[in-house]
Amino acid sequence: MKKGYLALGLFLIALVVYPLYFTDPFPQHTMIMILLYATMGIGWNIIGGYTGQVSFGNAAFFGVGAYATAVLLTNYGLSPWIGMVIGCGFSVLVAVVVGYPCFRLQGHYFAIATIAVGEIALVIFTNWQYVGGAVGIYLPIRQESFWNFQFHTSKISYYYIILSMFVFGLAVCHAVERSRLGYYLRAIKDDPDGARSLGINVQKYKLYAFMLSAILTSICGTFYAMYVLYIHPSNTFDLMLSINLCILVLIGGLGKLFGPVIGAFLFIPLTELTRVHLGSEGQGVDMIIFALIIILLATLRPQGLWGIFTKRAT
Amino acid sequence: MEGVFAQTLASGLLIGFVYALIAVGLTMIFGVMDIVNFAHGEYLMLAMYFSFWAFALLGLDPLFSLAPIVVIMFGIGILTYYVLIRPIISAPMLSQIFVTFGLLILLRGIAQFLWKVDYRMIPETILSGNFSLAGIYIGIPQIVSALGAIVCNTVILLFLKKTRLGMALEAVAEDKEAARLMGINSDRMFALAWGIGIATVGVAGVLLSSFYYVFPEVGGNFCLIAFVVVALGGFGSVVGAFIAGIIVGLVEVLSGFLIDPSLKFLFVLALYLGVVLIRPQGLMGIK
């Protein structure tokens, strides 16, 4: 136990000092992306990994968070931090509206339904003129400050914000893992009927998990909007984003606290590497590698023991 | 206005037959062994690329490359079953979802790597151009595809209802254990279902390649539409898939015509949600 905490501590310290040592924008940007995806991955893991409800539509929460922040800032001048909270509110609403009817559905039907919801969101936002339609929203450039959530001279402040979100995500997931909610979620994943027969309100806890997932993903959407300062439907409601979240948690370890972390540390660098070094010649190579890992993990451990750190053999 | 409406209906009907064809393989695989093939659209994409390369490298018109490609796709389907699907037949649903999902990513990644992301198109096939029927313009590739889809669907239906092998397949779909007691080897039936399922989507791919752009992501939207068709028709029902395909084709064009072309897809997807939430067994579902 102690060894684990030590490793965790060293890891976090390394993350904290990272931008002080790597001062170039590119390594900082890469790590920001890793932490961003890791946080969203943690969000996905809560509903997909722990509760076993595969969602291919989590990008919807990302998009809602991003757009809520953008619209409130652009049209009403509200601070992005307020926008973040309101964005979370909307995302949670979406989670409930989608989850309430759809969690009745069995595994694959639910997965397909989430694809449908994600794509519907894409179509809506592409055609909704109030939020800029297909063109999207250019966020107004404001004076560099924490309250304005904008920094122009260096990425370091963005880095520490996303690092805090990442730690927050880890804390939330850790708390869920050790709480009664975590018990219920794992029970629901392993045997929903059995769980129900024990008196667990399956519907309610699935919704809770989905809401948590929505919150974590939504704050990342807000961050992204303020980091990139230009959002449009294709960079926010992207089905590939939803799929990538699933991929990175699958390769890192489903239902494990650090699964998404390992996944993000594998996914982002590998994607960047193939893009930078292989260019258009290597397009798809990263996907092939991820796919092979996913298929291998899924076929060789079909009884469901995932993760690189599994101890029990099947 | 009437002319445009009739035109819209015609094109919806024609594409609907193709949707039905794509969905038949999906519904058959699910009906026989309870597995949703998330990679189904990628096999469509593969067949489209085979057809394109047969044309570009060998000068073969899709009309002639259809037969060999179907045979190849049948083989690929059986190969997929034995290599990837058989190990996870009894695995938890999550594992099954992830294996076919991984397959989706794998096939798409391979396509991107081998053939790049550029859009390809077969410029002119033997059967091309269009003709006018009572004031409605019908593209020849489109009607050929629709006819091809109808023929293929009918062949499959006849196979399932009239031949011993087909009836054995249906038996396994209905009750695997009882079928085994009757001496039907479910393993071989599963392989056959995959073979036929992928072969049918291969037919659809070759047909589509005569008038649709070919690119690695082309399978995505068609796969989603196939899910809608299968859900509407009833998971496992071939007849249902046929009827539902036409309905989905019509819903797509009519919503575009009556409401807004850019919202077409939204209505198709909303149809999926409506079906699974209101009448999950679809029109003719057996599960």
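In chain A of this predicted model, 74% of the contacts between residues at least 6 apart in sequence join residues at least 24 apart. The secondary structure of this chain consists of 13 helices and two strands. Of its 314 residues, 51% count as buried. Taken along the principal axes, the C-alpha atoms of chain A fill a box of roughly 55 × 45 × 40 Å. The radius of gyration of chain A is 19 Å, which agrees with the value near 20 Å that a compact globule of 314 residues would have.

Chain A also touches chain B, and the contact takes 34 residues from chain A and 35 residues from chain B. On the side of chain B, the elements that give two or more residues are helix H4 (93-115), helix H9 (218-233) and helix H11 (264-278). H4(B) provides the largest share of this side, with 15 residues. By class, the side of chain B that touches chain A has 28 nonpolar residues, together with five polar and two charged ones.

Within chain B, H4(B) also packs against another helix. H2(B) and H4(B) lie with their axes 9 Å apart and at an angle of about 25°. Angles under 35 degrees count as roughly parallel, and H2(B) and H4(B) are therefore roughly parallel to each other. The crossing in which H2(B) passes H4(B) is left-handed. From H2(B), the residues Glu42(B), Met45(B), Leu46(B) and Tyr49(B) meet Leu104(B), Leu107(B), Arg108(B), Ala111(B) and Trp115(B) of H4(B). Seven nonpolar and two charged residues make up this contact of H2(B) with H4(B), and no polar ones.

H2(B) has a further packing partner in H8(B). Helix H2 (residues 40-58) of chain B packs with helix H8 (residues 186-209) of chain B at an angle of about 50°, and their axes are 7 Å apart. H2(B) and H8(B) are therefore oblique to each other, and their crossing is right-handed. H2(B) contributes His40(B), Tyr43(B), Leu44(B), Leu46(B), Ala47(B), Met48(B), Ser51(B) and Phe52(B) to this contact, while H8(B) contributes Ile198(B), Val201(B), Gly202(B), Ala204(B), Gly205(B), Val206(B), Leu208(B) and Ser209(B). By class, the contact of H2(B) with H8(B) has eleven nonpolar and five polar residues, with no charged residues. Leu46(B) belongs to the contact with H8(B) and to the contact with H4(B).

Key:
Residues are numbered from 1 along each chain as its sequence is written. Chains are lettered from A and ligands numbered from 1 in the order in which they are written. This is a predicted model: local features need pLDDT of at least 70, side-chain atom pairs count only at pLDDT 80 or more; totals for chains, interfaces and linings use all residues. Two residues are in contact if their C-beta atoms, placed from the backbone, lie within 7 Å. Helices (H or I, at least four residues) and strands (E, at least two) are DSSP runs, numbered from the N terminus. Ala, Val, Leu, Ile, Met, Phe, Trp, Tyr, Cys and Pro count as nonpolar, Asp, Glu, Lys and Arg as charged, and the others, Gly among them, as polar. The radius of gyration is taken over C-alpha atoms; the globule rule is 2.2 Å times the number of residues to the power 0.38. A residue is buried if 20 or more other C-beta atoms lie within 10 Å of its own, exposed if 12 or fewer, and partly exposed in between; C-beta atoms are placed from the backbone. Axes are lines fitted to C-alpha atoms, for helices over the stretch in contact, and angles run from 0 to 180 degrees between N-to-C directions. Angles under 35 degrees count as roughly parallel, over 145 as roughly antiparallel, 65 to 115 as roughly perpendicular and the rest as oblique. A crossing is left-handed if the near helix is turned anticlockwise from the far one by less than a right angle, and right-handed if clockwise.
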